[in-house]
Amino acid sequence: MNPVLNMDAATLSPIALFLQADWVVKSVMAGLLLASIWTWAIIIAFSGRLRRTRAEMGRFERDFWKAEDIDAFHKAESNRDLPSARVFSAGVQEWRRSTASGTVDKGGTRERLATSMGAAVALEIDKLSDRLNILATIGSVAPFVGLFGTVWGIMRSFTSIASAQNSSLAVVAPGIAEALFATAIGLFAAIPAVIAYNRFSHGVNKVEAGLNRFADGFHTTLSRQLDAAR
Amino acid sequence: MERGEKLAIGIAVAGHAVLFALLSLGFLASPEPLKPSVPPVEVSLVEDIALEQTSPAPTAEAAPSIAPEQGPPEDAAPPAPAEYAPAPEPAPAPVPAPAPKVAPAPAPQPRPKPAPAPVPVPKPKPAPPRPTPAAEKAAPAKPAPAKPAAATPAKAAPAKTATAAAKPAAKSAAAKGSGASPTATAARPRGSRLGDDFLKGLSDRPSPSKAEAAPAAKMGAQAAANIGSAILRQVQPCANRQVNPGPGAERIRVAINLRLNRDGTLAGKPRVVGHTGVDDENQRYVDRVDDLAIATFTGCSPLRGLPDELYDVQNGWSNFTLRYKLPG
């Protein structure tokens with residue numbers, strides 16, 4: 001490997017290509033580079049968070065189904081920062097509110113329990129998938145932004161042909177190489193973003209399905225309790 | 001933004017920095033391409049050749065008059081006779097040379113017509129003993145007169161004279177064999193074969209001519225070709241911008257006349273003075289090609305770098321005609 005910084009146009013040096021470019025192309029490249037950094041930051045953060053959340057949810061649900069006393073379990077576990085815990089907590093709170101008065105409307109209570117736990121699931125999924133829209137945006141827009149930089153750079157190359165009155169490839173080639181580098185960075189940012197978006201959407205869907213299963217199970221438990229009370 | 005995201009941003013920034021540093025430091029750069037070992041050859045594309053020729057700076061001075069040496073280098077002159085003194089001992093061989101000269105005289109073939117058989121036979125016989133030793137001088141000489149005398153008594157007198165002439169010859173040959181032979185020393189070639197008068201007409205005085213360059217102030221073939229290709233090279237950008245009007249138009253060659261100022265600008269509009277390569281297919285484009293040729297030369301008109309000394313000489317580039325065709 002050559003330890004010297006390559007600044008000639010013949011090598012594929014990103015810094016040389018960046019420094020030789022027009023300011024429009026430069027700003028496009030800088031924006032796309034930031035987008036790429038942001039994409040990878042989301043990928044790294046989100047994958048860890050998703051894996052941790054799913055593992056803890058599985059453990060929480062196992063503990064819940066093993067627990068004998070729901071009130072005691074709620075007292076011990078409801079403060080945890082976990083989607084399952086918050087859905088569980090929402091169900092328990094709605095149950096307490098509905099059964100606080102003397103007369104209980106069983107149908108209305110079941111409906112309210114289902115609604116409140118569904119709302120809690122939806123809120124958790126919204127919070128979890130907060131960053132995914134950024135990945136989707138970068139994945140769909142970055143190629144076009146890069147293409148814009150390329151088109152601008154090629155236009156500039158053609159005007160330089162006209163001003164130099166020389167159509168040899170040595171005049172045109174550096175400008176076109178710089179311009180194409182903008183598209184390259186756009187694809188460099190977009191491809192991981194699209195892959196990560198699809199993968200994380202699948203992961204979030206699985207989390208949502210798991211939460212809904214847990215909420216339904218908890219709802220059936222409470223509903224049975226409601227019937228057994230009278 | 002939570003702590004995990006900050007950490008992730010840090011990791012992403014570091015990863016991008018490392019990746020772009022590696023790319024910039026030539027991680028992906030291909031190794032230096034091998035330079036072709038073929039030495040570059042300078043090529044000048046010449047469009048025309050001129051009809052006249054100039055010589056490259058003729059010199060008026062003649063070459064020095066030194067005659068060429070022929071033959072092997074000579075040894076020192078004085079020892080030559082002393083060295084060749086022993087050589088004549090085997091050199092009785094040259095001696096027979098004079099002897100046959102004498103022998104044909106006594107034995108003319110037409111003469112022994114009455115008795116042809118005996119006459120030729122005895123003469124070869126005495127001849128072999130003669131060259132061999134110098135001691136048998138008398139023996140070969142005697143039979144020679146005896147046989148002709150017997151065979152042709154009428155002609156004995158001339159035969160005797162012949163033998164008498166032969167005897168001194170043999171004696172002189174014997175004398176030569178013992179001492180230095182003048183013929184042997186004179187035979188060796190030396191010096192040149194030029195005649196003694198080969199210096200006639202040459203003098204060692206310097207030539208009165210002072211000419212150093214070509215006497216003709218005239219643009220020659222190579223200069224014309226160089227100027228023509230220099231002009232075509234300079235108008236090439238304008239030529240490349242011209243649009244080919246139709247198929248076959250690039251075969252039309254336009255002879256175009258340029259009148260130029262000394263600074264390379266056009267003194268007048270270029271004139272088309274002729275065409276070649278016009279055929280049925282492209283003759284309708286002739287006018288268009290003329291316009292394109294004129295536009296080419298006016299578009300790139302200040303011509304640079306033409307040699308100033310060839311501006312106003314005969315056939316110089318103040319009024320220059322060259323042939324142009326559309327690229328392609």
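**Two chains, term by term**

Author: For "transmembrane region", the unreviewed UniProt entry lists residues 28-50, 132-155 and 175-197 of chain A. UniProt positions follow the numbering used here, feature names are shortened, and annotations may be inferred rather than shown by experiment. This is a predicted model, where local features need pLDDT of at least 70 and side-chain atom pairs count only at pLDDT 80 or more, while totals for chains, interfaces and linings use all residues. Residues are numbered from 1 along each chain as its sequence is written, and chains are lettered from A and ligands numbered from 1 in the order in which they are written.

Reader: What is the secondary structure over residues 28-50 of chain A?

Author: Residues 28-50 of chain A are 100% helix and 0% strand. Helices (H or I, at least four residues) and strands (E, at least two) are DSSP runs, numbered from the N terminus. The end C-alpha atoms of that span are 32 Å apart. Residues 175-197 of chain A are also 100% helix and 0% strand, with end C-alpha atoms 34 Å apart.

Reader: How many helices and strands does chain A have?

Author: Chain A has 7 helices and 0 strands. Its pattern along the sequence is α-α-α-α-α-α-α. Of its 230 residues, 32% are buried (20 or more other C-beta atoms within 10 Å of the residue's own, placed from the backbone).

Reader: What makes α2(A) roughly antiparallel to α6(A)?

Author: Helix α2 (residues 23-66) and helix α6 (residues 132-164) of chain A pack at an angle of about 160°, with their axes 10 Å apart. That angle makes α2(A) roughly antiparallel to α6(A), since the term covers angles over 145 degrees. Axes are lines fitted to C-alpha atoms, for helices over the stretch in contact, and angles run from 0 to 180 degrees between N-to-C directions.

Reader: Which residues of α2(A) and α6(A) meet?

Author: Among them are Val28(A), Leu32(A), Trp38(A) and Ile42(A) in α2(A), which meet residues of α6(A) including Ile138(A), Phe148(A) and Trp152(A).

Reader: Why is Gly58(A) called exposed?

Author: Gly58(A) has 12 other C-beta atoms within 10 Å, so it is exposed. The cut-off for that word is 12 or fewer. Gly58(A) is in helix α2 of chain A. The C-alpha atoms of Gly58(A) and Ser84(A) are separated by 9.0 Å, though the two are 26 residues apart along the chain.

Reader: How do you know that Glu5(B) is partly exposed?

Author: Glu5(B) has 17 other C-beta atoms within 10 Å, so it is partly exposed. That term covers counts between the exposed and buried limits. Glu5(B) sits in helix α1 (residues 3-24) of chain B. Leaving aside neighbours within four places in sequence, Glu5(B) is in contact (C-beta atoms, placed from the backbone, within 7 Å) with Ala41(A) and Ala45(A).

Reader: What does chain B contain?

Author: Chain B has 10 helices and 3 strands. Along the sequence, the pattern is α-α-α-α-α-α-α-α-α-β-β-α-β. Of its 328 residues, 15% are buried.

Reader: What is the order of the strands in the open sheet of chain B?

Author: The order is β2-β1-β3, with antiparallel pairing. β2 (271-276) and β3 of chain B are at the edges, because each has a single partner strand. The twist averages 25° from one strand to the next.

Reader: How do you know that β1(B) and β3(B) pair?

Author: Strands pair if DSSP finds at least two bridges between them. Strand β1 (residues 253-259) of chain B and β3(B) have 7 bridges, in the antiparallel sense. Leu258(B) stands opposite Phe320(B) in β3(B). β1(B) and β2(B) pair in the antiparallel sense over 5 bridges. Arg253(B) stands opposite Thr276(B) in β2(B), and Ile256(B) stands opposite Val272(B).

Reader: Which side chains of β3(B) are buried?

Author: Phe320(B), Leu322(B) and Tyr324(B) are buried and point to one face of β3 (residues 319-325).

Reader: Why does β2(B) lie largely in the open?

Author: Of the 6 residues of β2(B), the number buried is 0, so β2(B) lies largely in the open.

How values were computed:
Two residues are in contact if their C-beta atoms, placed from the backbone, lie within 7 Å. Angles under 35 degrees count as roughly parallel, over 145 as roughly antiparallel, 65 to 115 as roughly perpendicular and the rest as oblique.
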